[in-house]
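Reader: Could you take me through the fold that is shown here, and then through one of its helices, with the cut-offs stated?

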Amino acid sequence: MEMKVNNIDMKTILEIQNLKCGGCKNTIRRKLYSLPFVNNLDIDLENSTISFEAIPPEDTGRVILKLSELGYPVTDERNGLGKKVKSYVSCAIGRIHK
């Protein structure tokens, strides 16, 4: 799992798979902000990364799990057909709920 922690602002940066477009970005934003411990979320389509603050920081694992459930696993996680299909569904939902 590619995870970097920026100690200046305590942001966690994750490189994720299957991030394709604004629909993906919308779904990820909506689902992660539904988690009460996620703050200052930024999604970079060009670099396939997300950065966020999890308070407490131990909840970062829950963010990784949620991303995987949506079809956007971190780079070191297996990215099988099921995850890819989930990402397309998440993308379509994100396009609908702009």
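**Fold and helix H3**

Author: The chain holds 3 helices and 4 strands, where helices (H or I, at least four residues) and strands (E, at least two) are DSSP runs numbered from the N terminus. This is a predicted model, in which local features need pLDDT of at least 70 and side-chain atom pairs count only at pLDDT 80 or more, while totals for chains, interfaces and linings use all residues. Residues are numbered from 1 along each chain as its sequence is written, and side-chain values use heavy atoms, with hydrogens and water left out.

Reader: In what order do the elements of the chain run?

Author: Helices and strands are both present in the chain. Read from the N terminus on, the elements run β-β-α-β-β-α-α.

Reader: What span should helix H3 have, and how far apart are its end C-alpha atoms?

Author: The expected span is 1.5 Å times one less than the number of residues. Helix H3 covers residues 81-96, so its 16 residues should span 22 Å, and this agrees with the distance between its end C-alpha atoms, which is 23 Å.

Reader: Which helices do the buried residues of H3 pack against?

Author: Buried means under 20% relative accessible area, exposed over 50%, and partly exposed in between (1.4 Å probe, protein chains only). The buried residues of H3 are Lys 83, Ser 87, Ser 90, Cys 91 and Gly 94. Because they cover an arc of only 105° around the axis (taken from the directions from the helix axis to the C-beta atoms), they lie on the same side of H3. With contact meaning heavy atoms within 4.5 Å, these buried residues pack against helix H1 (22-33) and helix H2 (60-70).
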